[in-house]
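Reader: I am new to this one and would like to go through it slowly. Could you take me through a few of its features?

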Amino acid sequence: MTAIIKTPEEIEKMRVAGKLAAEVLTMIGPYVKKGVTTDELNTICHDYIVNEQKAVPAPLNYGHPPFPKSICTSVNHCICHGIPSDKKLKDGDIINIDVTVIKDGYHGDTSKMFVVGKPSILAERLIRVTQECLYKAIEQVKPGMRLGDIGHICQTHAEAHNYSIVREYCGHGIGASFHEEPQIVHYGKPGTGDVLEPGMCFTIEPMVNAGKRYSKVLPDQWTVVTKDRSLSAQWEHTLLVTENGVEILTLREEETLERVISHG
């Protein structure tokens with residue numbers, strides 16, 4: 001395994017970047033409403049990251065072809081990597097906003113589900129269960145845990161509610177690079193996979209579909225949607241493995257989880 005164990009100095013930079021990413025999601029919340037376009041949300045986030053935080057939006061010009069915007073906005077049956085556009089949000093839409101901020105060369109990566117107006121009961125339940133998948137996995141993270149354990153926790157919780165886990169896209173190590181080893185898949189067998197060590201930083205970001213797990217990529221080569229057009233939800237945090245547990249680097253004030261979880 002080639003996971004990069006972070007030094008204390010690097011961890012401090014990761015904390016700063018993580019805090020900034022969390023603040024972007026908190027800031028954008030009031031703007032997510034009926035009639036706004038996802039491109040307008042992108043502009044607000046971009047300006048905030050660049051002008052207020054003096055940081056860099058990592059998605060902008062990332063990859064091949066270069067991602068054209070500063071955040072990902074994935075609406076309804078879009079699983080991930082949705083490109084902000086001039087399409088207006090309407091009542092009942094659900095949207096994942098995925099933010100990655102670079103500060104002093106280090107990345108903070110996090111995403112959150114938002115609801116426009118009143119969601120359907122199905123949408124509300126999907127969003128809640130997906131967040132529970134993330135939280136249940138985070139709560140168990142500690143040195144000695146295996147990657148398969150993380151996947152197993154997410155998969156069993158989603159499937160217990162008759163939802164499915166997307167398999168083509170996953171969490172990842174993070175630090176000076178946007179995507180580092182290891183890959184964190186959200187399905188798997190307990191007791192398998194690489195072992196977590198103190199100083200590892202990575203994301204957990206389960207993508208859960210209300211229908212079948214299958215996905216397809218649109219011709220823009222970025223936007224990923226459910227093949228059966230069922231709703232999809234995702235939540236994401238950047239984490240640090242500590243000596244006896246986990247620290248959530250992208251925790252928002254509204255959340256009830258402890259920022260630092262210790263296991264004895």
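Author: Let me begin with a term that we will need: a residue counts as buried when its relative accessible area is under 20%, and as exposed when that area is over 50%. Please also keep in mind that this is a predicted model.

Reader: Okay, so is W222 buried or exposed?

Author: W222 has a relative accessible area of 14%, and because the cut-off for buried is under 20%, W222 counts as buried.

Reader: And how many aromatic pairs turn up in the whole structure?

Author: A search of the whole structure gives two aromatic pairs.

Reader: You mentioned β11 and β12; what order do the strands take in their sheet?

Author: That open sheet has three strands in the order β3-β12-β11, with antiparallel pairing. Its edge strands are β3 (78-80) and β11, each of which pairs on one side only, and the twist from one strand to the next averages 40°.

Reader: How many bridges join β3 to β12?

Author: Two bridges join these antiparallel strands, and C78 has V225 in β12 as its bridge partner.

Reader: Switching to β14, which strand does it pair with?

Author: Strand β14 (residues 237-241) pairs with strand β15 (residues 245-248) in the antiparallel sense, over three bridges. The two are joined by a hairpin of three residues, and V241 stands opposite V246 in β15. In turn, β15 is joined by three bridges to strand β16 (residues 260-262), again in the antiparallel sense, with E247 standing opposite V260 in β16.

Reader: What about helices, at what angle do α3 and α4 pack?

Author: Helix α3 (residues 121-140) and helix α4 (residues 147-160) pack at about 150°, and their axes are 9 Å apart. Angles over 145 degrees count as roughly antiparallel, and therefore this description applies to α3 and α4. Their crossing is right-handed.

Reader: Last one: where does R167 lie?

Author: R167 lies over the face of Y187, at 4.3 Å from the ring centre.

Methods:
Residues are numbered from 1 along each chain as its sequence is written. This is a predicted model: local features need pLDDT of at least 70, side-chain atom pairs count only at pLDDT 80 or more; totals for chains, interfaces and linings use all residues. Side-chain values use heavy atoms; hydrogens and water are left out. Two strands pair if DSSP finds at least two bridges between them. Helices (H or I, at least four residues) and strands (E, at least two) are DSSP runs, numbered from the N terminus. Rings of Phe, Tyr and Trp (its six-membered ring) pair if their centres lie within 6.5 Å; planes under 30 degrees apart count as stacked, over 60 as edge-to-face and the rest as tilted. Buried means under 20% relative accessible area, exposed over 50%, partly exposed in between (1.4 Å probe, protein chains only). A charge sits over a ring if NZ of Lys or CZ of Arg is within 6 Å of the ring centre and within 35 degrees of the ring normal. Axes are lines fitted to C-alpha atoms, for helices over the stretch in contact, and angles run from 0 to 180 degrees between N-to-C directions. Angles under 35 degrees count as roughly parallel, over 145 as roughly antiparallel, 65 to 115 as roughly perpendicular and the rest as oblique. A crossing is left-handed if the near helix is turned anticlockwise from the far one by less than a right angle, and right-handed if clockwise.
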